[in-house]
2 protein chains.
Amino acid sequence: MRAGGRDTHAVWWTDQGVYYLDQRSIPGAVETGVARTVEDVARAIECMAVRGAPLIGVFAAYGLALAARRGEDIEVSFARLLGTRPTAVNLRRGLEAVRAASPDPARMLAAARRFDDAEVAAAEAIGVHGLALIAHGSRILTHCNAGWLAVQDWGTALAPIYRAARAGLAPFVYVSETRPRLQGARLTAWELGQEGIEHVLIADGASAHLIQRGKVDMVLVGADRIAANGDVANKIGTYAKALAALAHDVPFYVAAPLTTIDRATATGAEIPIEERPPEELLTAEGLDEAGAVARVRLAPAGTAALNPAFDVTPHALVTALITEVGVVPATADGIDEAFRRTT
Amino acid sequence: MRAGGRDTHAVWWTDQGVYYLDQRSIPGAVETGVARTVEDVARAIECMAVRGAPLIGVFAAYGLALAARRGEDIEVSFARLLGTRPTAVNLRRGLEAVRAASPDPARMLAAARRFDDAEVAAAEAIGVHGLALIAHGSRILTHCNAGWLAVQDWGTALAPIYRAARAGLAPFVYVSETRPRLQGARLTAWELGQEGIEHVLIADGASAHLIQRGKVDMVLVGADRIAANGDVANKIGTYAKALAALAHDVPFYVAAPLTTIDRATATGAEIPIEERPPEELLTAEGLDEAGAVARVRLAPAGTAALNPAFDVTPHALVTALITEVGVVPATADGIDEAFRRTT
């Protein structure tokens with residue numbers, strides 16, 4: 001996908017280190033960072049310079065390949081990278097794929113590249129399968145950012161929308177701003193703008209109102225982890241949208257690669273929900289009048305804040321999962337069927 | 001209630017004009033403004049220096065008394081003030097109460113004072129009736145600001161909480177930040193802090209998650225207009241909280257004086273929903289490092305935004321209305337009963 005008119009990836013390997021678009025700089029600028037050590041990779045994930053469940057899986061995979069090349073301890077590096085964020089299971093998937101090829105650094109790098117390529121292929125296939133669900137002029141509500149900044153090259157929730165736009169279906173996207181980190185306002189709006197797809201920004205609290213008033217044909221979001229029974233952990237605020245969709249009979253789709261499905265976790269209640277720093281909620285970051293990144297304090301000094309980063313949508317509220325092997329029910333049987341198609 | 005340790009009102013009449021706390025300055029400062037003309041009053045409402053459904057009713061009432069004293073045309077002034085904001089019906093109530101006493105300026109001022117006093121008494125009674133619903137240590141989720149900044153002296157949703165705190169019940173309040181204008185983060189957190197009531201700020205999108213996880217005993221909000229059938233218009237984001245409360249069997253209470261009930265509006269579908277400027281959503285206002293009010297731009301330049309300021313919660317989702325004449329069902333019968341108690 002395009003950044004400033006030029007095709008780019010969200011993370012990529014070079015012999016100098018793992019490069020990434022620093023997502024904190026968007027939309028004010030599109031800055032590139034480079035992680036030269038495992039610690040650089042870990043910190044870029046922790047501060048969300050690199051974020052998005054599938055993308056941090058790929059980034060961490062390259063990070064472990066970097067550890068091998070530098071002669072760093074593989075198990076220590078694995079643990080450091082796995083500990084950066086608790087909710088997305090893709091992180092473990094990417095790390096395990098690369099560790100399985102240890103100790104040879106070249107084989108580990110090849111494994112990371114294969115993992116990356118497979119994620120790109122999965123995202124591309126999600127776009128193809130999801131396209132079948134989109135009618136001409138569909139009005140689609142999304143949350144957070146599940147585009148190519150979150151998932152190499154195509155995205156998950158945005159992949160079918162990119163496909164639909166290229167197929168001339170003129171999709172229209174409601175972009176929920178996604179407090180506190182504003183991934184919707186900053187990243188999804190930017191991605192859609194770069195691709196010329198019509199969209200409008202809304203407050204997170206406006207979703208239920210728009211669904212109630214018949215303005216939304218479909219809710220389409222990504223996922224950070226899907227349990228064995230189809231429960232979906234995704235960015236905080238997702239569950240409220242699912243409840244509104246249910247109340248007004250609007251389909252609620254979750255787009256995710258199979259690497260996001262964790263069959264070792266029985267239900268959503270067992271998915272660990274990351275608590276992020278209160279500071280994220282007590283402030284908002286944007287651009288000042290001069291175009292420089294600036295942060296303003298919103299609440300009175302000393303205010304306490306609670307900042308869970310994800311919530312769990314029960315599978316009964318999910319119309320279907322859009323995966324790289326097709327659209328399947330968000331149930332244990334549907335998930336079993338999806339994995340059977342891969343064998 | 002207290003601002004900086006000193007008891008104060010949110011608006012008050014003097015012979016020099018109608019004074020008000022400029023709510024845009026809170027929490028960074030507590031600045032006082034004065035409206036010396038009807039146009040000053042109208043603009044203070046439009047820019048939300050003065051906001052909160054009951055409060056703008058009182059402020060507009062004094063505004064019309066000001067028009068009379070200054071010899072401005074009453075009907076023109078009435079129309080100017082009524083046109084400032086479309087959703088809250090209290091605005092019309094306050095204006096009509098004062099117009100009924102025209103043309104004598106002294107009688108009109110007396111009518112405005114009576115209207116103000118009645119709103120204070122109603123808010124105080126709401127506190128008493130609502131108190132009966134609060135147990136020791138109740139964890140209460142509120143949205144926007146329905147405290148004494150929104151309703152003279154006591155507030156609506158916060159009035160029972162203030163009562164509970166004074167009764168030693170140690171209520172705990174989840175404050176939903178309320179994008180885009182952040183009345184929760186800026187005003188409710190400030191009010192509760194001034195009174196020493198324990199509270200924590202959350203993202204609007206976190207409400208459903210906290211309700212699902214059993215962290216919330218009660219949702220308690222104010223209202224901008226209540227239709228004859230009990231449907232409730234309130235700050236955007238309220239409806240999503242009501243859906244989550246319903247899904248998890250948590251009571252959802254709406255606290256409002258009878259002046260907020262519009263029996264001329266049959267259902268919520270007929271309540272006009274104000275659309276506020278997109279700019280409010282494209283930016284966030286807070287304090288910079290030096291403590292000065294500053295605004296940052298969140299979304300890419302040129303992003304379109306849709307900013308409905310209110311939503312409608314169907315009466316079936318409202319456990320009960322807390323009014324100055326008692327707690328009544330959110331139904332046509334319940335509302336009829338409430339008005340019967342006033343006669």
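Which residues line the second largest pocket? The close-ups below take you there and to two other spots in this predicted model, where local features need pLDDT of at least 70, side-chain atom pairs count only at pLDDT 80 or more, and totals for chains, interfaces and linings use all residues. Residues are numbered from 1 along each chain as its sequence is written, chains are lettered from A in the order in which they are written, and side-chain values use heavy atoms, without hydrogens and water.

**View 1. The second largest pocket is lined by residues of chains A and B.** From chain A come A:Pro27, A:Leu287, A:Asp288 and A:Glu289, and from chain B come B:Thr283, B:Arg295, B:Val296, B:Arg297, B:Ala299, B:Pro300 and B:Ala301. A pocket here is an open set of points on a 1 Å grid where a 1.4 Å probe fits, with protein on both sides within 12 Å along at least five of seven lines; lining residues have an atom within 4 Å of a point. The volume is about 160 Å³.

**View 2. The largest pocket holds about 210 Å³ of space.** Its lining has 15 residues, and A:Cys47, A:Arg181, A:Glu280, A:Glu285 and A:Arg295 are the closest to its centre. Strand S14 of chain A (residues 283-287) gives the most to this lining, with 3 residues; strands are DSSP E runs of at least two residues, and helices are H or I runs of at least four.

**View 3. Strands S7 and S8 of chain B run parallel, joined by 4 bridges.** B:Ser176 has B:Ile202 in S8(B) as its bridge partner. Between S7(B) and S8(B) the chain passes through helix H7 (residues 183-194) of chain B in a right-handed β-α-β crossover (clockwise from the first strand over the helix to the second, with the strands pointing away from the viewer).

Terms used:
Points joined across faces, edges and corners; volume = space filled by probe spheres on them. Pairing = 2+ DSSP bridges.
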